[in-house]
Amino acid sequence: MITQRRFDELAAKHNTPGAVVGVLTGDEVHQLATGVLHVGTGAATAVDSLFQIGSITKPYTATMLMRLVEQGRVGLETRVVEVLPDFRVADPQASEHVTMRHLLTHTSGIAGDFVHDTGRGDDTLARYVAACADLPQEHPLGSTMSYSNTGYNIAGRVIEVLTGLVWDEALRTLVLDPLGAGHTWTLPEDVLRFSAAMGHTLSPDTGRPVPASVWIPGFRSDGPCGNISASAADILAFARLHMSDPRLAVMREPQVAVPSPLVDHWGLGWNLWTWDGHPVFGHSGDTMGGQSAQLRVVPDKDVAMVLLTNIGDSTEFQEELLGQLLRELCDIEVPPRPSPPAEPVRIDDLGRFVGIYERSDARVDITLDDERSALRLRHAVSGIMADFDAPFEFGLTPVSDTMFVGRESDTARWKAVVFDDDYIYVGIRVYARNRAARP
């Protein structure tokens, strides 16, 4: 088990102002806190402090929908228009045929990062779904997967209509109250009653954490895809529910293979892996508020672990800490991220990959370098997310005939890029080749 000294050292090593780690082994919960909630105030982190958990919210929304499936109020093959008769997106076929399963497995193809502030009222999700009417498809319905915040917000509106409750209240009724989860909240006025973490980013000049000037919540219209704030113990109670309730086991059944090496399969709300022969499920969450979280569950070992941090990108901290815990508690070695192979992979026709690949809010340009011997990638985001995701560019090194890796600097993490016919996958998002455009 991680000691307090080791946890403090890892947080300092990875420039993390404050963090909480929680581990569930059987019925025992072990927790440690380190650092401060805000570097300006010096308020100490406590084990029951609330952190924004970002997209770990998605399994909560999926669980809510599955509770309604259990009650016979909806089915996974139920079409969205059967619950929301006015639902429309730009593609008529998707409008008519997208199902609950498509929403939960990121296979709807509907533009996945539609960030749209519809205010703080109880009609926020109804207005959000109405605003989806012009959203394009990033791939045909059901043809592949691409990570979709939009799909989960639509699912949240389905839950509202079926229950007659706003999403926040349905969450408490269907999931949180049965768990006794009193340290899990969605609205800032509730979160700020507790010891709550403030987000930070790393200064490009000093490399030190810089706090956000204010506590930044997500838009209420993004609640179902990413607006929960919670304590480590409450998240572990949610993990225990999924290890103990056989009615929820279906959520851990593989639904779609993920082309990216970051995840093996997607279940119903969960990321799924098989590591050293053990099934593992979980999710990660990064927020615009400068916080990040990671949850990993190993059901055959009766172990769950969560790391909550108040820094915008804690991937290396998460990988080192959770990797150690998985080795010690589960005898699992997490596969390393893809990196350049020891022996170079030769690809004779790199030109076939050159092109412009697009999604509704982002563009990837793949070009040949000056010597025409290697590929380069440039990625840029448009719209509201451009304020949070800076453009990046790097050279690509082949790992196989279709997978490449690249990184922005000698100290940055390697990122995997996968080519698949007319698509490119950067992480877990798909970009379609624009055959009409010239790079």
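# Barrel strands and a helix pair

Strand S18 and strand S19 (residues 415-420) run antiparallel and are joined by four bridges. They belong to a barrel that eight strands close, with antiparallel pairing. The model is a predicted one. Its chain holds 12 helices and 21 strands.

**Overall dimensions**

- The chain has 439 residues, for which a compact globule would have a radius of gyration near 22 Å.
- The chain has 21 Å, so it agrees with that expectation.
- Along the principal axes, the C-alpha atoms fill a box of roughly 60 × 55 × 45 Å.

**The barrel**

- The strand order is S14-S15-S16-S17-S18-S19-S20-S21.
- On average, neighbouring strands of this sheet are turned by 30 degrees against each other, direction ignored.
- Strands of a sheet pair through backbone hydrogen bonds, in either a parallel or an antiparallel sense.

- S16 (residues 375-381) pairs with S17 (residues 392-398) in the antiparallel sense, over five bridges.
- Leu 377 faces its opposite residue, Phe 394, in S17.
- S17 also pairs with S18 (residues 403-406), again in the antiparallel sense. This pairing has two bridges.
- Thr 397 stands opposite Val 405, a residue of S18.
- Val 405 also has a bridge partner in S19, namely Ala 416.

**Helix H1 against helix H12**

- Two packed helices are described by the angle between their axes and by the distance between those axes.
- H1 (residues 4-13) and H12 (residues 315-330) pack at an angle of about 155 degrees. Their axes lie 10 Å apart.
- Angles over 145 degrees count as roughly antiparallel, and H1 and H12 are therefore roughly antiparallel to each other.
- The crossing of the two helices, H1 and H12, is right-handed.
- H1 contributes Arg 6, Phe 7, Leu 10, Ala 11 and Lys 13 to the contact.
- H12 contributes Phe 317, Glu 320, Leu 321 and Gln 324.
- By class, the residues of the contact of H1 with H12 are five nonpolar, one polar and three charged.

Methods. Residues numbered from 1 in each chain as written. Predicted model: local features only at pLDDT ≥ 70, side-chain atom pairs only at ≥ 80, totals over all residues. Heavy atoms only, no water. Axes fitted to C-alpha atoms, helices over the stretch in contact; angles between N-to-C directions. Parallel < 35°, antiparallel > 145°, perpendicular 65-115°, else oblique. Left-handed = near helix turned anticlockwise from the far one by under 90°. Contact = heavy atoms within 4.5 Å. Nonpolar A, V, L, I, M, F, W, Y, C, P; charged D, E, K, R; others polar. Pairing = 2+ DSSP bridges. Rg over C-alpha atoms; globule rule 2.2 N^0.38 Å.
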